Amino acid sequence: MVLPEGKNLGEESSLVPCKVKGNFRLKGIRTTNPVAVGDRVSFEMNKEGFAFIVAIEERRNYIIRKSINLSKQAHILATNLDLVLLLVTINHPQTSTTFIDRFLATAEAYGVPAIIVINKQDIYSDEERQTAEDLAYLYKSIGYKVYQVSVKQNLGIDKLREELVGKTTLLSGNSGVGKSSLLNILVPGIEAKTAEISDVHDQGMHTTTFSEMYEMPVTDQLELSDTDTTPDRKPTYIIDTPGIKGFGTIEFEKETVSHYFREIFRESDNCRFGNCTHTHEPGCAVLKAVEERRIALSRYDSYLSIMQDESEGKYREKG
Ligand SMILES: Nc1nc2c(ncn2[C@@H]2O[C@H](COP(=O)(O)OP(=O)(O)O)[C@@H](O)[C@H]2O)c(=O)[nH]1
Ligand SMILES: [Mg+2]
Ligand SMILES: [Zn+2]
């Protein structure tokens, strides 16, 4: 372990490689990683000069996913977040609405605001551009902020940058949507690796293999554009995550899935039965709203797919 010259252990901006000591576990969930990006930790040095994490500060929130290989375990993607940016693309690769909705529901469940960023505006056909517009309209009508950008042509990035000032933001989205490319614009000089999309699968290769946190430089101009001009503003951090293929939802109780679909939750006030699952019940206001197209079918389908997973006990621990 090496500390930068002239830096004391634990001093700001020094890097201290640490091992984990002890057993840190989330209650009721088996996780593959005890410590995650965004955690605030205490560490101690032993006589040999090795540093050990001995305590993790209580997390304000965390984002988690089901591990791909170990289906009964979960992986904490990041903790203590102020914002998640969900990068999506209409094509090259195509992001499914199920993926978007599962992600949004998870963000709702963990109390982290989410913003949708539709990237690669520069390569869309007229039809794809229309799909992007429709998608933006849908999610805005539900209450989400949506930005349509082209990272490649640096279009729409300045507005987006303003959203991040003073926050810790998780960059998320399928592999190949442009997360690392965006990061390279927001944090110049880090040279995050970007991947060519393979022709065969039309998906990015997994070039980012672990989550990393970067500090985004904030210029005077950005500071002025913000109403909060206090000098002790929090630093701006961005976390890049490996491509997530299936954003597993865990910890949802069947009864509460609807709480994480804002428009479904609003509508459910008008259901005849208080314990309505919005699947078959008479007097269900949600079903009526779907019929009348006031709730998008794609959203309702995503709701059903999560409900289905819960019935199958997909993410529950056995025993
Ligand atoms: N045409 C176009 N390509 C982009 C854009 N943003 C990223 N890409 C390309 O998409 C591929 C995947 O980008 P990358 O940043 O590695 O995606 P990640 O897997 O989400 O980190 C790379 O070839 C990028 O150059 C964009 O706005 N327009
Ligand atoms: Mg990447
Ligand atoms: Zn109902």
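Buried means under 20% relative accessible area, exposed means over 50%, and partly exposed lies in between, with a 1.4 Å probe and protein chains only. By that rule K145 is partly exposed, with a relative accessible area of 45%.

This is a predicted model, in which local features need pLDDT of at least 70, side-chain atom pairs count only at pLDDT 80 or more, and totals for chains, interfaces and linings use all residues. Residues are numbered from 1 along each chain as its sequence is written, chains are lettered from A and ligands numbered from 1 in the order in which they are written, and side-chain values use heavy atoms, with hydrogens and water left out.

**Zinc site**

Four residues supply the protein donors of the zinc ion (ligand 3): C271 (SG), C276 (SG), H278 (ND1) and C284 (SG). They lie 2.1 to 2.4 Å from the ion. Donors are N, O and S atoms within 2.8 Å of the metal (3.2 Å for Na, K and Ca); water is not among the atoms, so sites may look incomplete. The 4 donor atoms subtend angles of 102 to 117°, so the arrangement is tetrahedral. That label requires four donors with all angles between 85 and 135 degrees. The sequence spacing of the donor residues is C-x4-C-x1-H-x5-C. C276 and H278 are both buried.

**Salt bridges**

A salt bridge is a side-chain nitrogen of Lys or Arg within 4 Å of a carboxyl oxygen of Asp or Glu. The count comes to 12. The table lists some of them.

| Pair | Closest N to O |
|---|---|
| E163 and K145 | 3.1 Å |
| E267 and R294 | 3.4 Å |

The E267 and R294 pair joins helix α6 (residues 262–268) to the loop between α7 (285–291) and α8 (297–311), so it ties together parts that are 27 residues apart in sequence. E267 is buried at 17% relative accessible area. R294 is partly exposed at 45%. E267, K288, E292 and R294 are linked in a network of salt bridges.

E163 forms its salt bridge with K145. E163 lies in helix α3 (residues 157–164) and K145 in strand β8 (residues 145–148), so this pair ties together parts that are 18 residues apart in sequence. E163 counts as buried, at 10% relative accessibility.

D158 and R161 are 3 residues apart in helix α3, separated by about one helical turn. R161 is buried, with a relative accessible area of 17%.

**Helix α1**

Helices (H or I, at least four residues) and strands (E, at least two) are DSSP runs, numbered from the N terminus. Helix α1 (residues 97–109) has 13 residues and reaches 18 Å from its first C-alpha to its last, close to the expected 18 Å. The expected span is 1.5 Å times one less than the number of residues. Buried residues of α1 include F99, I100, F103 and L104. Just after α1, G111 takes a positive phi of about 70°.

**Nonpolar cores**

A nonpolar core is a set of buried Ala, Val, Leu, Ile, Met, Phe, Trp, Tyr and Cys residues joined through side-chain atoms within 4.5 Å. The largest has 35 residues, of which L81, V84, I100, I116, I118 and Y139 touch the most other members. Two or more residues come from each of β4 (62–66), β5 (74–79), β6 (83–88), α1, β7 (114–118) and α2 (126–142). The largest share, 6 residues, comes from α2. A second, separate core of 21 residues includes I115, Y147, V187 and M216.

How values were computed. Tetrahedral: all angles 85-135°; square planar, octahedral: opposite > 155°, others 65-115°.
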